[in-house]
Amino acid sequence: MRLKESVLALVILFLVVFAFAEPPLASSESPRLVLTRLTDKLYISEDYFYVKENSVVYIGNSYVTVIGATWTPRTAGLLADEIAKITPKPIREVVDTNHDLDRAGGNAYFKSIGARIVSIKMTRDLLKREGERSVELTRRAFPDYPKIDIVLPDQVFAGGFSLQDDDIQGIYLGPSHKPDDIFVYFPKEKVLYGGCVLKEQLGNTDGADLVEYPKTLRKLKQLNLDIATIVAGHYSPVHGPELIDQYLQLLAQKGH
Ligand SMILES: [Zn+2]
């Protein structure tokens with residue numbers, strides 16, 4: 001009986017020790033933002049808040065560029081925490097790939113840490129005009145979405161642009177998922193970030209220009225970019241270059 005009791009006491013002791021030794025991520029709450037290495041310089045951020053979105057992080061020679069500001073200042077802060085685990089370099093640039101909140105909602109946080117927010121001019125204009133309304137609509141769909149401050153990009157380009165000594169190229173080819181979506185190409189990594197435009201499912205087409213969308217994707221194909229990987233902005237992130245044709249098919253099916 002005594003032996004049984006001491007064995008029981010030991011078991012309880014082990015359970016208690018293991019319960020406290022467990023890392024926070026193994027607790028009941030699953031991780032909500034995960035950063036995964038794609039190449040030496042590129043990481044994929046999977047942000048599981050609201051509608052799951054994928055952003056991209058580029059580790060440059062002296063600073064970091066984030067492509068896609070994530071949903072809110074809080075998710076942006078979570079991303080910055082993850083980036084700090086892989087590099088001591090500061091985040092100096094953030095690209096809004098369209099004016100939607102999944103791409104621009106975190107601007108306030110990044111600006112607060114001294115990063116410049118980069119976009120095409122159309123994105124800044126649309127965010128200025130529609131940002132507050134977008135917050136209201138998002139809060140209707142997701143009541144826990146916070147009343148964020150809209151912060152506009154402070155460096156805007158008329159069309160295409162390049163950053164990090166041409167290692168990052170912003171490409172605007174016309175309307176698609178929204179009027180202002182851009183693609184972001186990393187020539188040395190042979191990676192194309194498709195943002196909200198390229199993904200494995202049709203996704204949300206409210207606000208999409210369904211006439212121009214396929215034309216814009218055909219223009220993208222005509223550029224003949226050397227692409228090994230397309231990172232999609234929603235659903236699963238990692239795809240091959242065939243994702244462009246797959247999405248063209250989804251658009252064609254919707255049209256019928
Ligand atoms: Zn999106």
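This report walks through the predicted model, from its confidence to its helices, core and sheet.

## Model and confidence

We're looking at a predicted model, where local features need pLDDT of at least 70, side-chain atom pairs count only at pLDDT 80 or more, and totals for chains, interfaces and linings use all residues. Residues are numbered from 1 along each chain as its sequence is written.

The chain's mean pLDDT (the predictor's confidence in each residue, from 0 to 100) comes out at 92, with 88% of residues at 70 or more. Strand β4 (residues 64-67) has the highest confidence, at 99, while helix α1 (residues 2-21) has the lowest, at a mean of 54. Over residues 15-28 the pLDDT is below 50, and that stretch has 2 contacts in the model beyond near neighbours in sequence. Where pLDDT is low, the predicted coordinates should not be read in detail.

## Overall layout

There are 7 helices and 13 strands in the chain. Both are DSSP runs numbered from the N terminus: H or I over at least four residues for helices, E over at least two for strands. Of the 256 residues, 41% count as buried. Buried takes 20 or more other C-beta atoms within 10 Å of a residue's own, exposed takes 12 or fewer, and partly exposed is in between, with C-beta atoms placed from the backbone.

## The core and helix α2

A nonpolar core here is a set of buried Ala, Val, Leu, Ile, Met, Phe, Trp, Tyr and Cys residues joined through C-beta atoms within 7 Å. The largest one has 58 residues, and V66 and F110 touch the most other members. Helix α2 (residues 73-86) gives the most to this core, with 5 residues. Setting aside neighbours within four places in sequence, V66 is in contact with S55, V57, L79, I91, V94 and F110.

Along α2, the buried residues are P73, T75, A76, L78, L79, A80 and I83. Their cover includes β1 (33-37), β2 (42-47), β3 (53-59), β4, β5 (91-95) and α4 (107-112). The end C-alpha atoms of α2 are 20 Å apart, which agrees with the 20 Å its 14 residues should span; the expected span is 1.5 Å times one less than the number of residues.

Helix α5 (residues 121-141) has 21 residues and reaches 28 Å between its first and last C-alpha atoms, close to the expected 30 Å. A bend of about 55° sits at E130, taken as the angle between axes fitted to the seven residues ending there and the seven starting there. M122, T123, R124, L126, L127, G131 and T138 are buried in α5, and what covers them includes α3 (101-104), β6 (116-120) and β7 (155-157).

E132, also in α5, is partly exposed, with 14 other C-beta atoms within 10 Å. I150, in the loop between α5 and β7, is partly exposed with 18. Leaving out neighbours within four places in sequence, I150 is in contact with L127, G131 and E132.

## The six-strand sheet

An open sheet of 6 strands runs β8-β9-β10-β11-β12-β13, with mixed pairing. Its edge strands, β8 (161-163) and β13 (238-239), each pair on one side only. Pairing requires at least two DSSP bridges between two strands. β8 and β9 (residues 168-171) pair in the antiparallel sense over 3 bridges, and L163 has I168 in β9 as its bridge partner.

Terms used:
Two residues are in contact if their C-beta atoms, placed from the backbone, lie within 7 Å.
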